[in-house]
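Please find below a note with numbered points on the model.

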Amino acid sequence: MKFIMAVIKPFKLDEVREALTELGVQGLTVSEVQGFGRQKGHTEFYRGAEYVVNFVPKIKVEVAVSDELEERVVECIQQAAQTGQIGDGKIFSFDLDTAVRIRTGETNEQAL
Amino acid sequence: MRQTKSISFLAAVVWAMAAVNPALAREDGLSSGDTAWMLTSTVIVLMMTIPGVALFYGGMVRKKNVLSTVMHSFAATCLITVIWMIIGYSLAFSEGTSFVGGFGKLFLDGMTVEAMSGSIPESVFMTFQMTFAVITAALITGAIAERMKFSALLLFLGSWSILVYSPVCYWVWGGGFLGDAGVLDFAGGTVVHINSGIAALVAAIVLGKRVGYGRENLAPHNVVLTVVGASFLWVGWFGFNGGSAVAANGTAGMAMAVTQIATAAAALAWMFAEWMTHQKPSVLGIASGAVAGLVAITPASGFVGPAGALAIGLIAGVVCFWGATWLKHKVGYDDSLDVFAVHGLGGITGAILTGVFAVEAIGGTAGALEGNVGQIGTQIYGIIATIVYCAVASFVLLKIIDAVVGLRVDEEQEREGLDIALHGESVT
């Protein structure tokens with residue numbers, strides 16, 4: 001199994017969710033995060049005081065999938081989240097050891 | 001019996017006169033129109049502080065200090081109300097020397113249901129003035145936001161109101177030497193705004209800068225709250241300036257008109273000044289400019305016409321913008337929410353320009369443009385007297401309170417935020 005974590009532009013979330021659902025992904029977790037990459041931050045002015053905001057708001061999408069789905073999921077997120085502008089985000093993939101569905105106690109692939 | 005007869009005879013005469021002239025409708029001189037307007041004004045001036053100043057300031061602090069900042073205005077409202085009732089009103093509006101009123105109205109002595117102040121009940125006049133004492137204290141709190149001990153703040157606002165606000169109020173409006181000298185201050189440019197602005201500047205300097213000032217991000221946490229607060233201030237200010245006519249008449253109407261004009265002009269002036277110097281017209285900027293205009297037109301509102309109001313607004317918008325964005329950073333004091341730049345400089349600008357633009361046909365006194373150049377000198381005399389007394393007294397009070405209870409929270413509390421450290425609450 002693989003654990004895929006993607007950091008994307010907030011307004012791209014719906015497109016990513018729809019694309020993953022079509023692929024057969026059964027669930028995902030989303031959180032509001034902040035960070036910086038090549039996009040860097042921006043500057044704010046309040047009555048002449050200048051503040052550099054280094055961290056840009058992003059959405060983090062986390063999804064656990066079977067090994068055979070991994071490649072297609074990564075590709076799918078990459079296409080759905082892309083605008084071509086700087087700041088589109090990144091996708092990371094890790095090996096996943098265990099998964100448990102809390103309600104039934106099912107494990108691993110059955111739990112995804 | 002005889003007395004009753006003569007009273008009823010008098011009543012008959014008054015009634016007969018009233019039939020001819022409605023203005024003499026009541027033997028005590030009470031005007032229902034004036035009273036209705038002053039009851040209304042009093043309520044909306046209170047609204048300027050809660051929620052006006054509370055939100056205006058609350059939006060500009062960081063999220064961890066929003067409750068403490070709102071608390072400053074709310075607690076000031078309660079504290080100054082009680083102090084005004086006990087002694088403040090007496091020191092400001094009872095007979096005394098040239099410098100301060102006496103103790104003749106302690107605990108509102110003599111304020112019966114029949115007692116009159118001009119054409120309105122004294123109870124209405126006293127409460128109207130009470131809301132001015134309240135907002136003056138609340139305004140100061142913007143300078144010390146995010147770092148002052150709450151206990152020290154209560155001690156300062158309470159003692160300051162008694163020893164600084166009431167005397168200066170008496171000087172100008174209660175029969176003191178500034179009023180006698182011909183200083184023009186229609187609604188409190190000197191009494192409320194220069195006074196609170198100077199106290200704020202002194203307090204900001206005595207307290208010192210916030211931890212992280214100039215290095216960390218101290219940006220406002222919610223400018224929407226600030227805009228809502230500024231809007232409450234703007235609407236309430238018609239009671240502040242219009243109500244200072246203490247009558248529902250043409251002076252109140254003209255005060256309303258010039259207040260609206262100067263406010264809009266100052267908001268635009270600040271916005272364009274910022275647009276030109278910092279590339280973008282900010283929401284905080286236009287709201288700040290509006291308050292600057294409200295402040296500057298305050299002393300002038302019963303004395304100038306629409307053209308004077310336009311000029312006062314435009315000039316004040318730029319002066320206060322300069323004070324907040326340049327002067328403060330150049331001199332290096334941390335007046336957290338720019339009370340000095342907006343109220344101090346706005347008040348001084350308005351007080352001087354009142355001497356320039358006053359129109360004899362409106363308020364009975366001519367300004368420099370109508371040939372009475374000396375009025376500018378009279379205005380400056382009032383400004384200097386207020387600045388010197390307020391600065392010295394505020395400094396001494398702060399030093400005494402610092403020695404007794406300490407002025408600042410410790411650094412750990414300041415880092416944690418005053419909401420949790422001082423009040424045991426948080427907004428989320």
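Is B:Phe177 buried or exposed, and at what relative accessibility? At 17% relative accessibility B:Phe177 counts as buried, where buried means under 20% relative accessible area, exposed over 50% and partly exposed in between, with a 1.4 Å probe and protein chains only.

1. Basis of the note. This is a predicted model, in which local features need pLDDT of at least 70 and side-chain atom pairs count only at pLDDT 80 or more, while totals for chains, interfaces and linings use all residues. Residues are numbered from 1 along each chain as its sequence is written, chains are lettered from A and ligands numbered from 1 in the order in which they are written, and side-chain values use heavy atoms, with hydrogens and water left out.

2. Aromatic pairs. Over all chains, a search of the whole structure finds 22 aromatic pairs; rings of Phe, Tyr and Trp (its six-membered ring) pair if their centres lie within 6.5 Å, and planes under 30 degrees apart count as stacked, over 60 as edge-to-face and the rest as tilted. One tilted pair is formed by B:Tyr89 and B:Phe93, with 5.8 Å centre to centre and 35° between the planes. These two residues are 4 apart in helix 3 (residues 66-93) of chain B, which means that about one helical turn separates B:Tyr89 and B:Phe93; helices (H or I, at least four residues) and strands (E, at least two) are DSSP runs, numbered from the N terminus. Both B:Tyr89 and B:Phe93 are buried. Another tilted pair joins B:Trp171 to B:Phe177, at 4.9 Å centre to centre and 55° between the planes, and B:Trp171 counts as buried at 5% relative accessibility.

3. Aromatic cluster. B:Tyr89 and B:Phe93 also belong to one aromatic cluster with B:Trp84, B:Phe125 and B:Tyr165.

4. Salt bridges in chain B. The structure holds 14 salt bridges over all chains, a salt bridge being a side-chain nitrogen of Lys or Arg within 4 Å of a carboxyl oxygen of Asp or Glu. In one of them the side chains of B:Glu122 and B:Lys105 meet at 2.9 Å, N to O. Because B:Glu122 lies in helix 4 (residues 122-140) of chain B and B:Lys105 in the loop between helix 3 and strand 1 (116-117) of chain B, the pair ties together parts that are 17 residues apart in sequence. B:Glu122 counts as buried, at 6% relative accessibility.

5. A link between distant parts. B:Arg210 and B:Asp334 form a salt bridge at 2.8 Å, N to O. This pair links distant parts of the chain, 124 residues apart, with B:Arg210 in the loop between helix 7 (189-207) and helix 8 (223-242) of chain B and B:Asp334 in the loop between helix 11 (306-331) and helix 12 (339-357) of chain B. B:Arg210 counts as buried at 6% relative accessibility, and B:Asp334 is buried with a relative accessible area of 1%.

6. The side chains of B:Lys328 and B:Asp338 meet in a salt bridge of 3.0 Å, N to O. B:Lys328 lies in helix 11 of chain B and B:Asp338 in the loop between helix 11 and helix 12 of chain B, so this pair ties together parts that are 10 residues apart in sequence. B:Lys328 counts as buried at 5% relative accessibility, as does B:Asp338 at 3%. Salt bridges that share partners join B:Arg62, B:Glu146, B:Arg210 and B:Asp334 into one network.

7. Strands of chain A. Strand 5 (residues 56-65) of chain A is mostly covered, 7 of its 10 residues being buried, and strand 1 of chain A is mostly covered too, with 6 of its 7 residues buried. Strand 1 (residues 2-8) and strand 5 of chain A run antiparallel and are joined by 7 bridges, where two strands pair if DSSP finds at least two bridges between them. In strand 5 of chain A, A:Val65 stands opposite A:Lys2, and A:Val63 stands opposite A:Ile4. Strand 2 (residues 29-35) of chain A also pairs with strand 5 of chain A, in the antiparallel sense over 7 bridges, and A:Val33 stands opposite A:Lys58. Strand 1 of chain A pairs with strand 6 (residues 89-95) of chain A in the antiparallel sense over 7 bridges, and A:Ala6 stands opposite A:Ile91 in strand 6.
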